[in-house]
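This report describes parts of the fold shown here, taking up a sheet, a helix pair and a cavity in turn.

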Amino acid sequence: MADEKGRGFSTRAIHEAKVPPVDQDTPSVPIYQTATYRFADSDDYADTISFRKPGYTYTRGYGNPTLRAFEELMANLEGTEAAFSFASGMAAMHTVFTTLASTGDRIVASNELYGGAYSLFTKVMPRYGVTVDLVDPHDLDAVASLLPGAAFFYVETIANPNVTVADLEALGAMCRAQSVPAVVDNTFASPYLANPSRWGFEFVLHSATKFIGGHNDLIAGVVCGSRHGCLSLRDTAIDTGGTMAPFEAWLCMRGLVTLALRMERHGQSASGMATFLENHPKVERVWYPALDSHPQRAVAERLLPRGCGGVLAVEVTGGVEGGKRFCDALDLAWVATSLGGAHTLVGHAASTTHRQMEPEARRRAGIADGLVRVSVGLEDLDDLIEDFDRALEKV
């Protein structure tokens, strides 16, 4: 049956759904689950897709209201002018790298890297004629000697997996003095614990999958920086396509609501767990920046006044096999990928998160063969300690 305009059922089903006007605030940003947008005419479309006028054209890179809300919130929390969202942390990282570096360029990067970043630096970028100098980020003289002429410098605020802490204040100043763009992965710290832009870092990236999302139910990335810098990332992302979806942006904003509370709890439990493990006879070493035994304890105290986050690393007796036995004996904690969620997760670094690194490269980065990364979740600390204590008995 047609309507008063003579239109059939299918036509009405497609065209009659309208966004109702809302004059009241809601605690949740709407999810604009759309790929495309309508224009008044072809000129309006041409002007909008060319960024000559504001508006939305296509969610892949050109913008979306839900993505924009997340990006503006992240920029606010990181203290930057702008932000740009991505489908994953690796998509964010790849876009930054390919925006800043071209064939013939040289990059300087910390040798303490997440395995995926290490692989991108050492296996992918060289295919395009980009070379990478890996350096101990705590040897400031060595960093300074390599910076002149570099396309950019890259480091992690808190390194994955052995949670060393880079002196971002000193490194940022060195990069500014050499006019070298500074890029930092702030995933382990989150914007609650550190805002690296204050120390001169031009791009601050996150795997939003981790502490920002906080529930192990999304894959996403984001980069915060200057408005000009984020526009340059957008130009690359439009052509390469690794951009965020609206639902993931909504989930990230849901996570950010409780980020401060969660980071406080993660940090308190991780500190308690680190203290327990450091005094256990089956443990050779614990890496956690709040411990007096940590080599960057003073740096962490200066740069991370709100705490050292929810990740620690432990070297148990027995090397590789000891590390695996320990992981496998846990019950409450999961042997699983990722970090930063409500569940406590563990992984033997050499065989999982850092499997891409050659043994010698791992050792240069301070990653022992038996090192286990622990992302301390939101469970009760006493229950976690009981689980870890029982598992260590089987090492």
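## Sheet

Which residue in β11 does V335 stand opposite? V335 stands opposite V346 of β11. The model is predicted, with pLDDT of at least 70 needed for local features and 80 or more for side-chain atom pairs, while totals for chains, interfaces and linings use all residues. Residues are numbered from 1 along each chain as its sequence is written, and side-chain values use heavy atoms, without hydrogens and water.

An open sheet of mixed pairing is formed by 5 strands in the order β8-β9-β12-β11-β10 (strands are DSSP E runs of at least two residues and helices H or I runs of at least four, numbered from the N terminus; pairing needs at least two DSSP bridges). Because β8 (283-287) and β10 (334-335) stand at the edges with a single partner strand each, one side of each is left without a neighbour in the sheet. Helix α12 (residues 259-278) packs on the sheet, touching β8 and β9 (311-316), and its direction makes about 15° with that of β9 (contact means heavy atoms within 4.5 Å; axes are lines fitted to C-alpha atoms, for helices over the stretch in contact, with angles from 0 to 180 degrees between N-to-C directions). β10 pairs with β11 (residues 345-348) in the parallel sense, over 2 bridges.

## Helix pair

The axes of α4 (residues 65-78) and α11 (residues 246-257) come within 8 Å and cross at roughly 35°. Among the contacting residues are F70 and L73 of α4 and W250 and M253 of α11.

## Cavity

A search of the whole structure finds 1 cavity of 30 Å³ or more (a cavity is a set of points on a 1 Å grid over the protein atoms alone where a 1.4 Å probe fits but cannot get out, and lining residues have an atom within 4 Å of a point; grid points are joined across faces, edges and corners, and volume is the space filled by probe spheres set on the points). The lining of the largest cavity includes H138 and E156.

Key:
1 Å grid on protein atoms, 1.4 Å probe; cavity = no way out; pocket = protein on both sides within 12 Å on 5 of 7 lines; lining within 4 Å.
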